[in-house]
Amino acid sequence: MSTYPITLPTKEERHKLFGSVPPIKGTKPTEKEKMIDLQNTPKNFLFALDAVGISNVKHPVVIQDGETTQATIATFELSTSLVQDRKGINMSRLTEQLDQYHHEGWVVTNESLIQFARDLAERMEQAEGQLTIRYPWFFSRKAPATGLSGLMNAEVWQTVSVNTETDEATLSVGLTINVTTLCPCSKEISEYSAHNQRGYVTMEASLRDEAEEFNWKQELLDAAESNASAPLHPVLKRPDEKRVTEMAYENPRFVEDMVRLIAADLYEMDPIASFFVECRNEETIHQHDAIARITFDKDAQ
Ligand SMILES: Nc1nc2c(ncn2[C@@H]2O[C@H](COP(=O)(O)OP(=O)(O)OP(=O)(O)O)[C@@H](O)[C@H]2O)c(=O)[nH]1
């Protein structure tokens, strides 16, 4: 049984008590110049690699959207290709570059992401640099009847790949938003009511070179919400709630309907070369979800 007050040993003594030991006098070099650079030792390592790097890197960023900027927290994947005769890349240079960009006041745009990927490739002395940045994008949403506003967010991402030998860059963008979907079958067969659910719409689109002015976040968001039974809102008073409830009843959607209607909107957007759409409904009458997907390449038709 403890008696109070306790007379504590010093912090150093406490650490020793719990098993800490002093560092040994090692034989391996401690200066960088004397350490073996395993990654850069040339040998035939059997295969070149498409991508090697780091993922799940969380970092604050400033995003530019047209005239406005937004500070948010992004999750990065940073990578480069790797030639056959090098064992590895120098991974510390990936986060080193991120820190450097951050201190230089980096504002994320499609163009600056392409430049970032190009710099990664050059810093790593490899042909290709790649990155994916994923973050919550916040936007203002007004209630349909009272006009009261609040902030919503969608998960968005941009994936960039730059080949420094051919100077080719590819850019794809994506967005996930949740919406209301009301079951057409339930509406059809029931004397009253219809079950509805929270649908998760995910879209990914590869953009053409000339898509610089394309407001992709807003366009993808509109494609998902305008084809749903009803969009979601942060603030709803009674007149608003009546409006969205009736709106959902007027626009019943299966997951198949959602994906086809969104595909039609993306098909009509010229800056998009190919796309993927998925709708996943968290069913309220089942434990399982309902899903539908489509991938479509306009140039392959
Ligand atoms: N290539 C590679 N590196 C790894 C792996 N796992 C950990 N590392 C990293 O190895 C790193 C050592 O960094 P390097 O960038 O090679 O260090 P360096 O050679 O002193 O760096 P430079 O001066 O830029 O050449 C640490 O940052 C570790 O994170 C791995 O699976 N592959």
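A charge is taken to sit over a ring if NZ of Lys or CZ of Arg is within 6 Å of the ring centre and within 35 degrees of the ring normal. Arg134 lies over the face of Trp157, at 4.5 Å from the ring centre. Lys298 is placed over the face of Tyr267, with 5.9 Å to the ring centre. The model is predicted, so local features need pLDDT of at least 70 and side-chain atom pairs count only at pLDDT 80 or more, while totals for chains, interfaces and linings use all residues. Residues are numbered from 1 along each chain as its sequence is written, and side-chain values use heavy atoms, with hydrogens and water left out.

Aromatic pairs were examined next. Rings of Phe, Tyr and Trp (its six-membered ring) pair if their centres lie within 6.5 Å; planes under 30 degrees apart count as stacked, over 60 as edge-to-face and the rest as tilted. The structure contains seven aromatic pairs. In one of them, the ring centres of Trp106 and Phe116 are 4.8 Å apart and the planes meet at 15°, so this pair is stacked. The pair links distant parts of the chain, ten residues apart. Trp106 is in the loop between helix H2 (92–103) and strand S3 (107–108), and Phe116 is in helix H3 (residues 110–123). Helices (H or I, at least four residues) and strands (E, at least two) are DSSP runs, numbered from the N terminus. Both Trp106 and Phe116 are buried. Buried means under 20% relative accessible area, exposed over 50%, and partly exposed in between (1.4 Å probe, protein chains only).

The rings of Phe275 and Phe296 are also stacked, because their centres are 5.5 Å apart and their planes are at 20°. This pair, too, links distant parts of the chain: Phe275 belongs to strand S8 (residues 272–282) and Phe296 to strand S9 (residues 289–297), 21 residues apart. Phe275 counts as buried at 4% relative accessibility. Phe296 counts as partly exposed at 23%. One aromatic cluster is formed by Phe76, Tyr101, Trp106 and Phe116.

Cysteines were then considered. A disulfide is a covalent bond between the sulfur atoms of two cysteines. Here it is assigned to a pair of cysteine sulfur atoms within 2.5 Å. By this rule the count is zero disulfides. For Cys183, the closest cysteine sulfur is in Cys185, at 5.0 Å, which is too far for a bond. Cys183 is buried, at 10% relative accessibility. Cys279 is likewise in no disulfide; the nearest cysteine sulfur, that of Cys183, is 12 Å away. Cys279 is buried, with a relative accessible area of 0%.

The ligand site came next. A residue is near a molecule or strand if one of its heavy atoms lies within 4 Å of it. The residues around the ligand are Lys32, Asp37, Gln39, Ile89, Asn90, Met91, Ser92 and Arg93. Polar contacts are pairs of N or O atoms within 3.5 Å; within protein, one must be able to donate a hydrogen and the other to accept it, and residues adjacent in sequence count only if both atoms are side-chain atoms. Gln39 places a polar side-chain atom 3.0 Å from an oxygen atom of the ligand. Ile89 contributes a backbone N or O atom, 2.9 Å from a nitrogen atom of the ligand. In Arg93, an N or O atom of the side chain is 2.6 Å from an oxygen atom of the ligand. On its own, the ligand has 660 Å² of accessible area, of which the protein covers 51%. Accessible areas come from the Shrake-Rupley method with a 1.4 Å probe; for residues, only the protein chains shown count as cover.

Individual residues complete the description. Thr132 is part of strand S4 (residues 128–142). Thr132 is buried, with a relative accessible area of 18%. Its side chain makes a polar contact with the side chain of Thr159 (2.9 Å).

Positive phi values were also noted. Leu46, a residue other than glycine, has phi near 75°. Leu46 lies in the loop between helix H1 (11–17) and strand S1 (49–65). Leu46 is exposed, at 62% relative accessible area. Asn56 is not a glycine either, yet has a positive phi of about 60°. Asn56 is in strand S1 and is exposed, at 57% relative accessible area.

Glu67 is located in the loop between S1 and strand S2 (68–82). Glu67 counts as exposed, at 81% relative accessibility.
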